[in-house]
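Hi everyone, thanks for coming. Please have a look at it first.

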Amino acid sequence: MFSLFLGKYISMNRTIRHLLFITMAIASFSFSQAQLSLSPLFSDHAILQRELRTPIWGIAQPGAYVEVKMGELTIYPVADTEGKWMDYLPPQPAGGPHKIEVSAQGEVVVARDIWFGEVWLCGGQSNMEYTLGMLDKTQAISRAKDSLLRFFQVPRHISPTPVDSLQKGKWEPSSPTSARDFSAVGYFYGKKLRDELDVPIGLISSNWGGTVIETWISPEAAANIPYYSAALDSLSRLDMNSGRAIILKYYRKLMAKMGNPFESGMQEDLPVWAGETYDDKKWGLIPVPGLWESQGLPNLNGKVWFRHTFKLKKVDPNVTYTLSLGKIDDSDLTWINGKLVGAMTQKWNEERVYEVPGSVLKKGNNVLAIRVDDTGGGGGLWSEADKLYLEDKDFQLPLAGKWKYRISSQDLNPTSAADDPNALPTLLYNGMIHPLVPYAMRGVIWYQGESNANRGEEYQTLFPTLITDWRTQWQQELSFYFVQLANYGSKAQTLGDSPWAELREAQIKTLQLPRTGMAVAIDIGEADDIHPKNKEDVGLRLAYHALAKDYGRDVAYEGPTFREMKVYDNKIFVGFDHAASGLLMGKGKEKLIGFLVAGEDQIFHPAEAYIQGKFVVVSSPKVIQPVAVRYAWAENPGDVNLYNREGLPAVPFRSDTWPLTSAGMRKVYVKE
């Protein structure tokens with residue numbers, strides 16, 4: 001057969017032979033070039049973790065013997081049947097530069113300017129993603145030149161199955177240009193370590209704004225959470241591009257139960273579904289308040305209508321009533337008995353408080369109708385239950401409870417796994433964390449939780465699961481330091497329940513895991529911006545944990561932390577850990593702010609508080625026999641001002657164990 005082929009080849013004319021030779025050479029070159037490679041994590045300028053065994057991996061031809069040289073060191077990994085190879089360099093001291101040369105079957109790949117130092121992974125959502133260039137930090141950016149502080153940005157990637165290696169990415173030494181586009185929290189954290197340790201620092205940034213924590217958990221760990229099993233069953237078979245069709249099919253079936261799935265709530269600009277006499281018997285029921293993603297409407301952007309009937313015993317047509325609906329994500333049109341009484345556009349974080357003329361209301365049944373338009377992320381009425389009411393000077397009628405709802409078909413716009421990292425659990429772990437395993441590193445800094453803020457009780461399970469999961473994947477007890485949610489939103493007008501406070505408590509409970517630490521940010525947030533600009537203090541407070549716990553430096557790393565409470569007469573004496581040097585009231589205030597007390601009735605009242613030695617003494621004339629105390633227990637508790645003498649803020653807390661408002665709240669996922 002070979003001689004026959006050779007004879008035919010010799011008989012070809014010169015032009016054909018020439019073209020065939022070029023084609024075969026190009027094919028051979030392309031095949032060869034594609035065979036030997038290093039993961040982008042080991043590209044030029046990489047920082048490798050000092051004093052630990054250093055895994056190094058890449059691709060070669062299946063079964064190839066690979067030689068990896070670094071100075072006098074040589075290791076000899078062998079590629080498996082899929083061409084994957086990995087081996088370990090022995091622990092190295094801080095220093096460099098080094099050159100890593102990889103060869104196999106005549107091919108050579110070289111990575112230059114490699115240094116050993118300290119490596120940290122920067123993970124989470126938008127507050128970790130928020131770049132230095134997005135801050136008003138011109139001076140910091142201009143001073144960012146440091147050839148031994150280096151950044152690696154993991155590309156965004158959604159995947160239904162774990163990805164073994166990154167397809168692209170590069171290490172960049174810190175400069176005004178590279179630092180501008182890197183995580184601001186990560187930059188300030190790394191800079192502090194550089195200043196204190198004087199060793200090379202490598203920061204790997206892997207984050208995605210607006211993401212829930214479960215998308216960052218591995219399939220193995222997520223499988224241990226029972227209510228995720230249905231979503232995970234089909235994950236490995238999911239066609240990313242067909243995800244939208246799956247979601248649409250789910251919604252068409254749901255909408256068909258409520259009537260014609262193609263009927264719209266507005267006809268020729270008339271609000272048909274807001275009408276007082278409209279028949280809504282087939283509509284679905286949904287708890288209000290709450291984001292609809294956690295109540296059976298996953299991955300839904302678009303318009304959802306809500307209707308609620310309430311009864312009034314009497315109405316004064318000459319009185320103006322107040323309708324409070326709390327926050328609505330993102331826009332709303334609100335009617336009572338078919339009359340428009342209020343509207344806001346793209347004000348997802350503003351309280352809806354509308355004046356309602358008494359002439360609109362009537363004795364007996366009244367119909368409240370709201371068209372909510374969500375353009376991305378969470379959707380629905382999402383404040384606390386006590387923010388929903390109708391009142392005048394003589395009464396207040398609560399409105400929270402089970403409401404009727406229906407989706408507007410003309411505005412149905414579900415997202416899918418192809419474009420939504422929150423569409424299913426594990427999607428970002430698969431695409432953006434698994435390819436990093438087992439890159440040697442000291443630990444992780446983490447800033448996430450805003451997207452889980454209405455599921456604080458569940459976060460008590462999810463957050464420790466993520467930390468334990470990543471440690472299992474790395475086969476190393478990585479240090480894990482995280483940021484507690486900052487103060488955010490309008491300053492607390494009501495007392496007691498708070499979804500954000502419950503999420504903060506879940507973060508505190510995670511400190512039960514070893515080698516963890518929390519940077520408190522309750523004093524440096526912004527009422528009107530979920531992305532507070534003070535990223536420098538956040539980075540520094542994270543760095544204090546690492547300096548104390550990983551590097552043995554004698555620095556304070558935590559503010560006053562609730563230890564105990566004792567009741568004497570009508571006062572509560574609160575004792576703290578991490579306050580040995582003394583408690584301090586923040587500058588610019590005449591009294592301590594943010595303390596609440598309650599009696600057996602579980603109703604909280606603002607408290608007078610003052611420092612007495614190592615205790616804070618708390619009381620209220622409205623609570624004769626106090627049994628519980630809380631501090632900074634609100635989305636935005638105001639200018640809370642309790643610190644230790646090292647200048648670190650007190651950790652928000654509650655002494656009680658009364659039920660959480662987020663109990664049982666779950667995000668609903670659609671199974672294929």
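Let's begin with helix 12, which is mostly covered: nine of its 11 residues are buried, where buried means under 20% relative accessible area, exposed over 50% and partly exposed in between, with a 1.4 Å probe and protein chains only. Helices here are DSSP runs of H or I with at least four residues, strands are runs of E with at least two, and both are numbered from the N terminus.

A word on the source: this is a predicted model, with local features needing pLDDT of at least 70 and side-chain atom pairs counting only at pLDDT 80 or more, while totals for chains, interfaces and linings use all residues. Residues are numbered from 1 along each chain as its sequence is written, and side-chain values use heavy atoms, leaving out hydrogens and water.

Back to helix 12: its buried residues include Trp 500, Leu 503 and Ala 506. What do they pack against? Helix 11, strand 27 (479-483), strand 28 (516-519) and strand 38 (653-654), with contact meaning heavy atoms within 4.5 Å.

So how do helix 11 and helix 12 (residues 499-509) pack? Their axes are 8 Å apart, at an angle of about 25°; axes are lines fitted to C-alpha atoms, for helices over the stretch in contact, and angles run from 0 to 180 degrees between N-to-C directions. The two helices are therefore roughly parallel to each other, a label for angles under 35 degrees. On helix 11, Gly 456, Tyr 459, Gln 460 and Phe 463 meet residues of helix 12, among them Glu 502, Leu 503 and Lys 509.

Now the bigger picture. The largest nonpolar core has 101 residues, and those with the most contacts inside it include Trp 85, Trp 470 and Phe 595. Such a core is a set of buried Ala, Val, Leu, Ile, Met, Phe, Trp, Tyr and Cys residues joined through side-chain atoms within 4.5 Å. Helix 11 (residues 456-474) gives the most to this core, with seven residues. Apart from it lies another core, of 38 residues, including Phe 310 and Trp 403.

Finally, two single residues. Is Ser 174 buried or exposed? Ser 174, in strand 10 (residues 171-174), is buried, with a relative accessible area of 3%. Lys 587, in the loop between strand 31 (583-585) and strand 32 (595-598), is exposed, at 87%. The C-alpha atoms of Lys 587 and Trp 470 are separated by 41 Å.

Thanks, and I'm happy to take questions!

How values were computed:
Angles under 35 degrees count as roughly parallel, over 145 as roughly antiparallel, 65 to 115 as roughly perpendicular and the rest as oblique.
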